[in-house]
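Work through the following exercises with the sequence and the structure at hand. Each task is followed by a solution in steps.

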Amino acid sequence: MTFSLSFNGTEHRRPSRLGRVLEDRLPYLIVAPAILVLLLVGLFPLIYSLIVSFQRITMTDNDTSFAGLLNYAELFRDTRLWASLGHTAIITAIALPLELLIGFLMAQLFIDRMPGRQLFVALLVLPTVISPIVAGATWRLLFDVRFGPIGEILSFFAGEPIRILWTVNPAYVYPAIIICEVWQWSPFMFLLLLAALSNVDQSQLEAAEIDGASYLRVLRAIILPAIAPVIAVACLIRGLDLVRIFDIIWALTEGGPGSMTETISLYTYVQGFSQFETSYTAAISFLVIALLTLITTLVLKRMEIAR
Amino acid sequence: MKFRTLLGVAAILALTGVSAPAADKDAADIAVEAAKKYAGTTISIVWEAGLQSLDPLNYSGPKWEKLTGIKVKVVEVPTDQMFTKIMQDFKSGAGAYDALNVIPSWMPDLARAGALEPLDKYVDKFGYRDELQDIAAAYRDNQMQYDGKIFGFPDDGDVMLLYYRKDIFEDPKMKEGFKAKFGYELAPPKDWKQLDDIGQFITDKMAPKVYGAGFFRTAPYPQYMFQERFRMEGGKFFNADTMKSTVNSDVGLKVFKQMLAENKFMPPGVEQWNFVDNLAAFLQGTTAMTISWPPYGRWAAGYGSGEEALKWVPKSQVAGKVGYALTPLGRPELGVGFDLSVSATSKNKEAAYLFIQWLNSKKTSLERVQLPYTLRDPFRLSHYASEKYRALWPDAPAYLDTIKTSGEKGLLDLSLLQQDKYDEAMTKAISSLWAGEDPKTILDRMAQQFDAITEKVGIENQKAVYKVWAAKPGAYPQ
């Protein structure tokens, strides 16, 4: 044990070598178990899937021989895969702006204090706490041609029986999915945007009002720039969710009619857990990872530029 | 001489005396006796989730435990996940399942993968071969073996039946009107043209109260109807030499067009009907004809209506008014079915085998097919002839006779390597048909998908399996 003298003359005990090592490494030692767990549950499956994607494993044939780029080449020939990506893009491109718009309008409506505001907000957020598979099953019942209230309501207004096969007719099957999706997730956008709108600088809004600026001008010049980062994050979160959309579609249409509403998640599930193309499914998952990484990077880059 | 005679008689008596208890014992008793040495162990069995599982949960499982001391753990799995779960267990080598319920069309895949235990040695060891002869030939000869070995005991007499409303078909006014319009008697349809005539006629006369017919239309059910009709109209799934799919032939197109056209005389929204929707409509008297598995007939007669487990089944408004017939063209589809098998990774193979022998035996299975709340249908000659079963409701004899004849004439489900992929292609194609896509385009796409699957499996491999399947008497109508 050695001692050193400090500048103010007080004596400090100098830590031993072991103590210094421990002191230096302590932060690493503390986080090491968490990192180890993360590696085990995150990185290991990822690496293992990558290895599997270069093999020929199916559920009936455990062939672990190296297949080269066979599975990746197959991706480019698989028309059903690209169709499913197209369906995913359609749903995302329509549902995301709708959710954003409805969420924003709802937030605008509730930004001002009003009686019962908190109760209404709590009620409006309810759909987001429901499991998506339950939401899909509920909407399936609502859309039912014989017992569903939607048909009854439409018939009442039309004055004649309206029988729409929402989950069978190609003209209605996408609207059905998007209605369900927007119903469930617009409140999420609403919550985020309500918080963002609450933080817009009131003095700027008051100054604009005094100057006689129109609402659209205020929206464009003050509100949107102020809440842009929140909009970007909300869109990123919901966009990624929409790319992974599964439950609602599974409950509503199971990807049908035919494969018309089959998204990439449904297709991956069918390949992996119904048709047991294990190696090929691993290759699909890496394609999805690559696409999502690309999209996320582009969005984040754009956010960086905007900042 | 007298002494030798006496000696001979004594010897015969002695032999008879020794062998008498063995001869008295049936397969169920033999299984119980042999299983007692495994008392205290637990065996698991994969069973279709829902009503089917009530058999081992409420009846056979507890009874087996009482008789042998072996506990039965029932692993309930939805039908569409059963193959996956069985294969996952096999691939992982976990041995979580001892006995299995297997859909017969999966047998080639499961047997070739090695997931099923060959049962021949157990059958001989526990004297079950004789009782297997009592299983109706359609199931015994087609759903029990793969490559000459027994891999499962057919345990469910699944077959499609035509149900029709006798009160409507026998109504003098309806009969008269029908004959005047079409020139032949109103009777259960012999072909699809007749079904269309009758269906349209009843709809025209009685809708919206009663429609001519209603069928289940959502996946996976209509593919069984397509398989039956396509073959009965002369279609072949493949060119046996090249293994190129021929489902997009003129026959395929004709069947698709007919199936689509029939929706017009069925209740609005029939395209969305599943098993339960169709059942409800028929039991409530909304449809005059339907085609389905045997439980419809029992429930339509009101059998088991007081059962707690059947509370979801609408009360039958048509009890006593339902007739049973073969489906049009007379060769109904033996849709789905179940075999009882033993998992190759089981750690209790013999105990598992003894359980399935007991379940499948003449004595136990007769009790099981009469359980009103499960979906097991008669599959043994002794079931069809059972006086007890035939007395369950007034029309039960006609019901059992129709099931027996339907089974004898039944057509097998297509059963190839990776059959689930062909099934999926058919299911998706029919779903596109209801959505209004051009039938020819759908069939061409289905044929392409069939070819892609065959190519992936290996044309020669698949050709060999198809050849074996196509040679079976129930594969194609002769």
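**Exercise 1: a sheet in chain B**

Strand 7 (residues 161-165) of chain B and strand 9 of chain B form an antiparallel pair over four bridges. The model is predicted: local features need pLDDT of at least 70, side-chain atom pairs count only at pLDDT 80 or more, and totals for chains, interfaces and linings use all residues. Residues are numbered from 1 along each chain as its sequence is written, while chains are lettered from A and ligands numbered from 1 in the order in which they are written.

Solution. 
- Step 1. Strands (E, at least two residues) and helices (H or I, at least four) are DSSP runs, numbered from the N terminus. Two strands pair if DSSP finds at least two bridges between them.
- Step 2. The open sheet has three strands in the order 8-7-9 (chain B), with antiparallel pairing.
- Step 3. One bridge to locate is that of Tyr164(B), whose partner in strand 9 of chain B is Gly323(B).

**Exercise 2: two helices in chain A**

Task: Classify how helix 7 and helix 9 of chain A are oriented to each other.

Solution. 
- Step 1. Axes are lines fitted to C-alpha atoms, for helices over the stretch in contact, and angles run from 0 to 180 degrees between N-to-C directions.
- Step 2. Helix 7 (residues 170-198) and helix 9 (residues 215-243) of chain A pack at about 160°, with axes 9 Å apart.
- Step 3. Angles under 35 degrees count as roughly parallel, over 145 as roughly antiparallel, 65 to 115 as roughly perpendicular and the rest as oblique.
- Step 4. Helix 7 and helix 9 of chain A are therefore roughly antiparallel to each other.

**Exercise 3: two helices in chain B**

Solution. 
- Step 1. Helix 13 (residues 250-262) and helix 22 (residues 439-457) of chain B pack at about 130°, and their axes are 10 Å apart.

**Exercise 4: where the chains meet**

Task: Find which helix gives the largest share of the side of chain B that touches chain A.

Solution. 
- Step 1. Contact requires C-beta atoms, placed from the backbone, within 7 Å. By this rule, 18 residues of chain B are in contact with 20 residues of chain A.
- Step 2. Helix 4 (79-92), helix 5 (107-113) and helix 21 (419-434) of chain B are the elements that give two or more residues to this side.
- Step 3. Helix 21 of chain B gives the largest share, six residues.

Conventions:
Two residues are in contact if their C-beta atoms, placed from the backbone, lie within 7 Å.
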